[in-house]
Amino acid sequence: MGCLVTRLLVLVIAFMDRIITNGKLSDYIPWSSALCKEDSDSLSGLGPKMNETVSMSETKRAARDFGGVYNQKPASVVYSESLDDIVRVVRKAASSDHLTVAARGNGHSTYGQAQALNGIVLDMSAMKGIAIQEEGVFPYVDVEAGALWIDVLRAALKVGLSPRSWTDYLFLSIGGTLSNAGISGQTFRFGPQISNVAQLEVVTGKGEVMTCSPQRHEELFYGVLGGLGQFGIISKARIVLQRAPDKTRWMRLVYSDFEDFRRDQELIISSPEHTTFDYMEGFAVVNSNDHVNGWPSIPLSPDVTFDSTLIPATAGPLLYFIEVAIYYNATQSMASLNKQTERKLASLNFIKGLSFSTDVTYVEFLNRVYREEIAARASGAWDAPHPWLNLFVPKSKIVEFNDKVLKEVLAYGIGGPLLVYPLLKNKWDSRMSTVVPDEDVFYLVGLLRSSRHGGPSVERLLEENDHILRICETSGMDIKQYLPHYKMDGEWRKHFGTTGWDRFKRRKERYDPLAILAPGQRIFSRS
Ligand code: FAD
């Protein structure tokens with residue numbers, strides 16, 4: 001019976017989908033693909049009975065994530081279909097003396113952050129409602145937190161709109177990235193994804209539903225943005241949109257000298273908007289012909305080869321490349337686009353002859369990592385453990401970091417992309433919870449490594465991560481972890497700094513005093 005109702009719902013939903021995609025409906029209408037859940041009554045009792053409603057495979061799945069390092073089995077998994085489901089689960093946990101609740105977006109954390117050992121994993125994947133508002137001062141999308149960014153992109157493009165700020169990979173949930181920051185090559189212009197949110201609907205750890213924004217309950221609003229899921233479960237977010245371009249000119253520019261690479265990146269992010277690029281990231285690769293770690297991974301299409309004879313004899317163990325993009329519309333002439341490209345490249349000091357360019361659709365560009373996902377799935381690399389390390393390094397220390405870490409420790413490659421690009425602090429609101437270094441410019445350094453079959457073990461890679469953190473510590477580099485993961489009590493306090501930690505703790509006491517939420521972050525424990 002439950003499933004019959006669900007199927008009818010799906011038909012109604014499909015009909016509403018058509019209305020929305022025709023751009024007629026501007027009010028918020030969720031059209032979640034409701035799951036067949038015969039067991040909704042079980043929400044009334046989250047005791048051991050709850051276990052009977054989920055199969056072992058579901059708890060097993062909820063104990064895993066993209067990182068593959070932690071494996072913490074929950075007592076139960078609840079598929080949330082509505083705001084009410086979230087409220088009921090949080091209130092039930094609050095009324096018990098031990099249960100915790102971890103919202104699970106798409107489970108792409110790397111260190112168990114969306115897991116809840118012996119607690120409840122609240123799977124958000126059915127909450128995918130999307131409604132676009134095209135009119136008004138600024139267009140926006142109201143989106144349920146379980147939706148993926150790819151879903152938002154597809155829905156927005158149907159009416160010629162798009163979010164402004166992205167992550168490299170789009171199969172991440174709204175709730176998951178807004179709990180961290182959400183950064184990519186657009187961050188230098190528009191700030192991280194958390195700087196592009198106008199309003200949130202949140203269920204706090206007390207089970208209260210609160211709509212918050214910069215004007216209303218601002219403490220909760222800024223706390224939740226980058227708040228690692230500690231203050232509430234985001235049920236819905238309002239995200240700023242802009243006109244979407246049709247196409248993207250996507251380029252890679254190669255450097256052998258770190259100083260040139262660094263200077264050009266900093267020039268790009270600090271140039272006036274109309275003279276600079278729409279997207280920029282930087283990468284380091286090994287100066288070798290290794291297909292995963294070396295220069296063969298730089299060209300943008302398989303039919304273009306990398307002429308290694310152009311690498312200067314003075315080059316060290318690493319090469320670097322800047323990846324930039326120019327958005328344009330199909331109506332722009334190639335001649336004017338080529339001129340615009342030339343102008344933007346003119347002041348950059350990359351190795352002449354070692355630049356690569358391709359024109360693709362806007363979607364192909366934004367969804368570029370999906371192509372790699374398909375290849376990685378085929379080779380088994382996607383399912384291998386991913387002991388990633390993401391750091392924010394102050395600009396004043398990036399040269400030292402290159403010398404002591406990139407060139408010394410990582411000179412043989414990391415078995416995946418190695419990101420090195422600068423961000424502007426003034427694009428981050430200091431009231432948000434994400435911690436960034438105290439300098440106007442800081443670099444993201446992302447070691448997106450995987451423990452491939454036949455390569456170093458996950459234990460070895462984790463040891464190497466610790467070794468890198470120790471180098472930063474002993475050299476006084478004052479780095480901050482992005483997507484942070486700590487094991488010891490005092491480390492979180494250090495991460496936030498004394499004032500930041502006091503604020504974070506105060507917010508926790510106010511919105512989740514029993515420490516029910518997001519136990520997998522290992523910041524507070526329910527005792
Ligand atoms: P989950 O892993 O499901 O959850 C992450 C945390 O958020 C957990 O603590 C969880 O409890 C909490 N949470 C989830 N949903 C909610 C909610 N609705 N309300 C409150 N808390 C919630 N990050 C970037 O910034 N830029 C990138 O370019 C980028 N690229 C990536 C590429 C890949 C292939 C992968 C695997 C990750 C990437 N990340 C990137 C990291 C990613 O943003 C985070 O790991 C993010 O948390 C993953 O989203 P998710 O939906 O899988 O979250």
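Helix H13 (residues 398–406) crosses helix H14 (residues 458–474) in a right-handed sense, meaning that the near helix is turned clockwise from the far one by less than a right angle. Helices here are DSSP runs (H or I, at least four residues), numbered from the N terminus. The contact, defined by heavy atoms within 4.5 Å, joins Phe401, Lys404 and Val405 of H13 to Ile468, Ile471 and Cys472 of H14. By class, this contact has five nonpolar, no polar and one charged residues; Lys is among the charged types, while Phe, Val, Ile and Cys count as nonpolar.

The axes of H13 and H14 come within 11 Å and cross at roughly 140°, with axes fitted to C-alpha atoms over the stretch in contact and angles running from 0 to 180 degrees between N-to-C directions. The pair is therefore oblique, the class left over once angles under 35 degrees (roughly parallel), over 145 (roughly antiparallel) and 65 to 115 (roughly perpendicular) are set aside.

A word on the model: it is predicted, with local features needing pLDDT of at least 70 and side-chain atom pairs pLDDT 80 or more, while totals for chains, interfaces and linings use all residues. Residues are numbered from 1 along each chain, and side-chain values use heavy atoms, without hydrogens or water.

H13 also packs with helix H9 (residues 258–270), at about 145° and with the axes 11 Å apart. Phe258, Glu259 and Arg262 of H9 meet Ile398, Val399 and Asn402 of H13.

Turning to the ligand, 33 residues lie around it, and Ala103, His108, Ser109, Ser173 and Tyr482 come nearest (near: a heavy atom within 4 Å).

| Residue (backbone N or O) | Ligand atom | Distance |
|---|---|---|
| His108 | oxygen | 2.6 Å |
| Asp168 | oxygen | 2.7 Å |
| Ile234 | nitrogen | 2.8 Å |

Key:
Helix = DSSP H or I, 4+ residues; strand = E, 2+ residues; numbered from the N terminus. Polar contact = N/O pair within 3.5 Å; in protein donor to acceptor, adjacent residues only side chain to side chain.
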